[in-house]
Amino acid sequence: MKIIAVTACPTGIAHTYMAAAALQKAAISLGHAIKVETQGSIGIENKITLKEVDEADLVILAADVAIKEEVRFKNKFVYRTESQKAIKNPKALITEALTQLSENNK
Amino acid sequence: MNEELKNIRQYLMTGVSYMIPIVVIGGVLIALAIALSGVEAGKGAVVTNPIFKNMLDIGVAAFSMMVPVLAGFIAYGIADRPGIAPGLVGGVLAANLKAGFLGGIVAGFIAGYVARWIKGWQVPLNLKPIMPIFVIPLLSALIVGGLMIYVVGTPIAGLMEAMTSGLKAMGQGNAILLSLVMGAMIAFDMGGPVNKVAFMFGVVMIGEGVYTVMGPVAVAICIPPLGMGLATLLAPKKYSEMEREAGYGALAMGMIGITEGAIPFAAGDPIRVIPSIVVGSAIGAAVAAMFGVGDHAPHGGPIVLPVVDNPFMFIVAILIGVGITAVMVNILKKPVHEELDSDGTGIGA
């Protein structure tokens, strides 16, 4: 599976990046390809391109604030959650998102 | 319903997250300009040196944008781009009407929902281009502006006035009680939603010229990571190797006021860690309140020392809280056997 994710938290200095690291690690250990865009107080980093959006199977938004350029994902299946859930149990989060994705595709 | 409540928190946090850098500019520059100029007896702060005076003006300029930015980006969270303009306008009106941050929050929500509502109108195709450049901004600004001026502005200004003067004149007992609660909230979820509510309250009160709410909050912010870091140094046998390493990271994060440094410990052993950091932060904040510690920056930890009122007691309050957290968690913890620690330490990655 190709996963793309965006993380963002209110202060944008810690949770954003902890969530990104956690998702990255969990996805790889579950055998998925992932790219995580961070929207911290510094702005957008590791930006997801439109081509990557096209190719992705699943979009995960782990954000406590409104994210920038959400319109990119409007034709995709989007799983929404909070940054803290991604930090605490990223594997369960990805599994749950994939379950919802496959139910959605039925 | 529950879903919309969750969204409301997200909208509010969006506004706060864009407002924070503005509060940093205003709070820090104003505090520094005054601190460097010194205070003349009987006259309060007098900034005469032209360079410091300009510094003060830069800070004041930032503060004058605080409420509009809060309102503008709450509306952005709700309605995306079309929300920003009416939100900023509503926010300036709120500031002019002396409705403060409460007025800004109300203006932001009105602007956001109105802009989102108009955005959703089904209009004939040839009218579509004029929607985002004329109809949405003009109509939403008129609605939010009218409501602010004729309906909600004045009562909110009254409420703000009562609240700030109440906080300024608050007796010591109430101040300590408030700080106990705020300190506990800061530590409870270490940067999560409960923490952010207390943090946000401290930040907006800086904008209202009340620094003694943020002072105790700034103390509470750094106690969980510093306390846990100290705990690993005091009783290394009670922590796994990974936790001991996280301990150094937590100390560094605590110094720069990042509460999240305590998360690896709390995630691994919430039952023992969370009560310890909550008690430490609550007591540290209460000590700070007892001695009128104030903070002019929307941030916590020793890093804000240059813009703290009563820096000596600020440090003392931190040390007391850190000590309590470290001792309490080490009393509660049992020594670990690393080989049993099969699923790691619960570090959230």
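This is a predicted model: local features need pLDDT of at least 70, side-chain atom pairs count only at pLDDT 80 or more; totals for chains, interfaces and linings use all residues.

Student: Which helix gives the most to the lining of the largest cavity?

Tutor: By class, the lining of the largest cavity has 4 nonpolar, 7 polar and 2 charged residues. The element that gives the most to this lining contributes 3 residues, and it spans residues 193-207 of chain B, which is helix 8.

Student: Which element gives the most to the lining of the largest pocket?

Tutor: The elements that give two or more residues to this lining include strand 4 (58-63) and strand 5 (78-81) of chain A, along with helix 3 (66-79) and helix 8 of chain B. The greatest share, 7 residues, comes from helix 1 of chain B.

Student: How are helix 8 of chain B and helix 9 of chain B oriented to each other?

Tutor: The axes of helix 8 and helix 9 (residues 214-234) of chain B come within 9 Å and cross at roughly 140°, and the crossing is left-handed. Angles over 145 degrees would count as roughly antiparallel, and the crossing angle of roughly 140° therefore leaves helix 8 of chain B and helix 9 of chain B oblique to each other.

Student: Which residues of helix 9 of chain B meet helix 8 of chain B?

Tutor: From the side of helix 8 of chain B, the contact is made by Ala198(B), Phe199(B), Gly202(B), Val203(B) and Ile206(B). The residues of this contact divide into 7 nonpolar, 1 polar and no charged. On the side of helix 9 of chain B, the residues are Met214(B), Val217(B) and Ile221(B).

Student: How are helix 5 of chain B and helix 6 of chain B oriented to each other?

Tutor: Helix 5 of chain B and helix 6 (residues 130-168) of chain B have axes 8 Å apart and pack at an angle of about 155°, in a right-handed crossing. Their contact has 23 nonpolar, 3 polar and 1 charged residues. Angles over 145 degrees count as roughly antiparallel, and these two helices are therefore roughly antiparallel.

Student: Which residues of helix 5 of chain B meet helix 1 of chain B?

Tutor: Helix 1 and helix 5 of chain B pack at about 115° with their axes 11 Å apart, and their crossing is right-handed. The contact divides into 6 nonpolar, no polar and 2 charged residues. Helix 1 of chain B brings Glu4(B), Ile8(B), Tyr11(B) and Leu12(B), which meet, in helix 5 of chain B, Ile105(B), Phe109(B), Tyr113(B) and Arg116(B).

Technical notes: Residues are numbered from 1 along each chain as its sequence is written. Chains are lettered from A and ligands numbered from 1 in the order in which they are written. Side-chain values use heavy atoms; hydrogens and water are left out. Helices (H or I, at least four residues) and strands (E, at least two) are DSSP runs, numbered from the N terminus. Ala, Val, Leu, Ile, Met, Phe, Trp, Tyr, Cys and Pro count as nonpolar, Asp, Glu, Lys and Arg as charged, and the others, Gly among them, as polar. Axes are lines fitted to C-alpha atoms, for helices over the stretch in contact, and angles run from 0 to 180 degrees between N-to-C directions. Angles under 35 degrees count as roughly parallel, over 145 as roughly antiparallel, 65 to 115 as roughly perpendicular and the rest as oblique. A crossing is left-handed if the near helix is turned anticlockwise from the far one by less than a right angle, and right-handed if clockwise. Contact means heavy atoms within 4.5 Å.
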